[in-house]
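Work through the exercises below with the model open beside you. Try each task before reading its solution.

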Amino acid sequence: MAVSGALSRRTHVRRKAPRAFLRRLFRRQKPQLRLETGGDLLVHLNCLLFVHRLAEESRMNAFENKDGVIKKEHVQAAAKVILKKSRG
């Protein structure tokens, strides 16, 4: 299937995780921390899942308030709920 012209004009979507950046960040913040080979990928995946959950919850909050746009208040309320759920 051929790629349309409109698709080629869009910004480039990154397909790879920023592994070098994550490793450098871990080394600066916690030099004593030792991660296994795919540990940085698990952290990246965890961040992506959190952002996805945050977006979904924010969208639900905006829908409940009958707003067409997700506002700062919706994101903050969603973050409270998600962080409370993730504590266990």
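**Exercise 1. Overall make-up**

Task: State what share of the contacts with a separation of 6 or more comes from residues 24 or more positions apart. Then list the secondary structure elements and the buried share of the residues.

Solution. The model is a predicted one. Residues 24 or more positions apart account for 29% of the contacts with a separation of 6 or more. Next, the elements. The protein has four helices and zero strands. Read from the N terminus, the order is α-α-α-α. Last, burial. The protein has 88 residues, and 12% of them count as buried.

**Exercise 2. Helix 2 against helix 3**

Task: Classify the crossing of helix 2 and helix 3, and name the residues that make the contact.

Solution. Start with what describes such a pair. Two packed helices are characterised by the angle between their axes and by the distance between those axes. Helix 2 spans residues 19–29, and helix 3 spans residues 39–64. Their axes come within 10 Å. The crossing angle is roughly 100°. Angles of 65 to 115 degrees count as roughly perpendicular. Helix 2 and helix 3 are therefore roughly perpendicular to each other. Now the contact itself. Helix 2 supplies Arg19, Leu22, Arg23 and Phe26. Helix 3 supplies Asp40, Leu41, Val43 and His44. Sorted by class, the residues of this contact are four nonpolar, one polar and three charged.

**Exercise 3. The largest pocket**

Task: Give the volume of the largest pocket, its lining and the classes of the lining residues.

Solution. First, the volume. The largest pocket holds about 200 Å³ of space. Second, the lining. Arg23, Phe26, Arg27, Lys30, Pro31, Leu33, Arg34, Leu35, Glu36, Thr37 and Asp40 line this pocket. Third, the source. Helix 2 gives the largest share of the lining, three residues. Fourth, the classes. The lining has four nonpolar, one polar and six charged residues. Finally, compare with Exercise 2. Arg23, Phe26 and Asp40 belong to the pocket lining and also to the contact of helix 2 with helix 3.

**Exercise 4. A backbone check**

Task: What is the phi of Lys66, and where does Lys66 lie?

Solution. Begin with the angle. Lys66 has a positive phi of about 60°. Lys66 is not a glycine. Then the location. Lys66 is in the loop between helix 3 and helix 4, the latter spanning 72–87. Close with accessibility. The relative accessible area of Lys66 is 74%. Exposed means over 50%, so Lys66 is exposed.

Note on methods
Residues numbered from 1 in each chain as written. Predicted model: local features only at pLDDT ≥ 70, side-chain atom pairs only at ≥ 80, totals over all residues. Heavy atoms only, no water. Axes fitted to C-alpha atoms, helices over the stretch in contact; angles between N-to-C directions. Helix = DSSP H or I, 4+ residues; strand = E, 2+ residues; numbered from the N terminus. Parallel < 35°, antiparallel > 145°, perpendicular 65-115°, else oblique. Contact = heavy atoms within 4.5 Å. Nonpolar A, V, L, I, M, F, W, Y, C, P; charged D, E, K, R; others polar. 1 Å grid on protein atoms, 1.4 Å probe; cavity = no way out; pocket = protein on both sides within 12 Å on 5 of 7 lines; lining within 4 Å. Points joined across faces, edges and corners; volume = space filled by probe spheres on them. Buried < 20%, exposed > 50% of the residue type's maximum accessible area, 1.4 Å probe, protein only.
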